[in-house]
Amino acid sequence: MTLGCTTEGPFVVLTVTDDGPGLNAEEIAQATTRFWRAARQAGTTGTGLGLAIAEQLLAGRGGRLELEPARPRGLRARALVPRPAADGGAS
């Protein structure tokens, strides 16, 4: 797993990339649905809430969650959070 943090325009971007089995395009489209789990994950622990919660928390702050396949395998999750106003006030 690798972590990164940078800025892109008005956003601070936290990137988490793993080297697990990843998700295909259809699975990525469903990955932030509450309680959704990939069929191949049957038998592993978890509730299927993590990405759904992350997406809602980011949206509530004016940000967003982006998911994409990592190469050569895995998943890349990017959390985009609005940067604070230059005057130090909340955005």
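Welcome to a predicted model, in which the mean pLDDT of the protein is 92 and 95% of the residues reach 70 or more.

- Four strands form an open sheet in the order S1-S2-S4-S3, and their pairing is antiparallel.
- Strand S1 (2-8) and strand S3 (64-69) are the edge strands; each has a single partner, so one side of each has no neighbour in the sheet.
- From one strand to the next, the twist averages 20°.
- Helix H2 (residues 50-60) packs on this sheet, where it touches S3 and S4, and its direction makes about 135° with that of S3.
- As background, strands of a sheet pair through backbone hydrogen bonds, in either a parallel or an antiparallel way.

**How the strands pair**

- S1 and S2 run antiparallel and are joined by seven bridges; within this pair, Gly 4 stands opposite Thr 15 in S2.
- The hairpin formed by S1 and S2 has two residues between the strands, and Gly 9 in the turn has a positive phi of about 55°.
- Strand S2 (residues 11-17) pairs with S4 in the antiparallel sense, over seven bridges.
- S3 and S4 form a hairpin with five residues between them; Gly 74 in the turn has a positive phi of about 110°.

**Leu 80 in S4**

- Leu 80 is found in strand S4 (residues 75-82).
- Is Leu 80 buried or exposed? Leu 80 is buried, because its relative accessible area is 2%, under the 20% cut-off.
- The residues that Leu 80 touches, leaving aside those up to four places away in sequence, include Phe 11, Val 12 and Val 13, along with Leu 58, Gly 63, Arg 64 and Glu 66.
- Leu 80 and Thr 6 are 74 residues apart along the chain, and their C-alpha atoms are separated by 9.8 Å.

**Arg 78 in S4**

- Arg 78 also has its place in strand S4, and at 15% relative accessibility Arg 78 counts as buried.
- With which side chain does the side chain of Arg 78 make a polar contact? The partner is the side chain of Glu 8, at 2.9 Å.
- Beyond residues up to four places away in sequence, Arg 78 touches Glu 8, Val 13, Leu 14, Thr 15, Arg 64, Leu 65, Glu 66 and Glu 68.

**The nonpolar core**

- The largest nonpolar core has 11 residues in all: Leu 23, Ile 28, Ala 31, Trp 36, Ala 38, Leu 58, Leu 65, Leu 67, Leu 75, Ala 77 and Ala 79.
- S3 and S4 are the elements that give two or more residues to this core, and S4 gives the most, with three.
- Leu 23, one of the core residues, touches Ile 28, Ala 31, Trp 36, Ala 38, Arg 40, Pro 69, Gly 74 and Leu 75, not counting residues up to four places away in sequence.

**Backbone details to look at**

- Most residues other than glycine have a negative phi, and most peptide bonds are trans.
- Phe 35 has a positive phi of about 70° although it is not a glycine.
- Phe 35 is in the loop between H1 and H2 and is exposed, with a relative accessible area of 55%.
- Arg 71 and Pro 72 are joined by a cis peptide bond, with omega at about 10°; Pro 72 lies in the loop between S3 and S4.

Terms used. Residues are numbered from 1 along each chain as its sequence is written. This is a predicted model: local features need pLDDT of at least 70, side-chain atom pairs count only at pLDDT 80 or more; totals for chains, interfaces and linings use all residues. Side-chain values use heavy atoms; hydrogens and water are left out. Buried means under 20% relative accessible area, exposed over 50%, partly exposed in between (1.4 Å probe, protein chains only). Contact means heavy atoms within 4.5 Å. A polar contact is a pair of N or O atoms within 3.5 Å; within protein, one must be able to donate a hydrogen and the other to accept it, and residues adjacent in sequence count only if both atoms are side-chain atoms. Two strands pair if DSSP finds at least two bridges between them. Axes are lines fitted to C-alpha atoms, for helices over the stretch in contact, and angles run from 0 to 180 degrees between N-to-C directions. A nonpolar core is a set of buried Ala, Val, Leu, Ile, Met, Phe, Trp, Tyr and Cys residues joined through side-chain atoms within 4.5 Å. pLDDT is the predictor's confidence in each residue, from 0 to 100.
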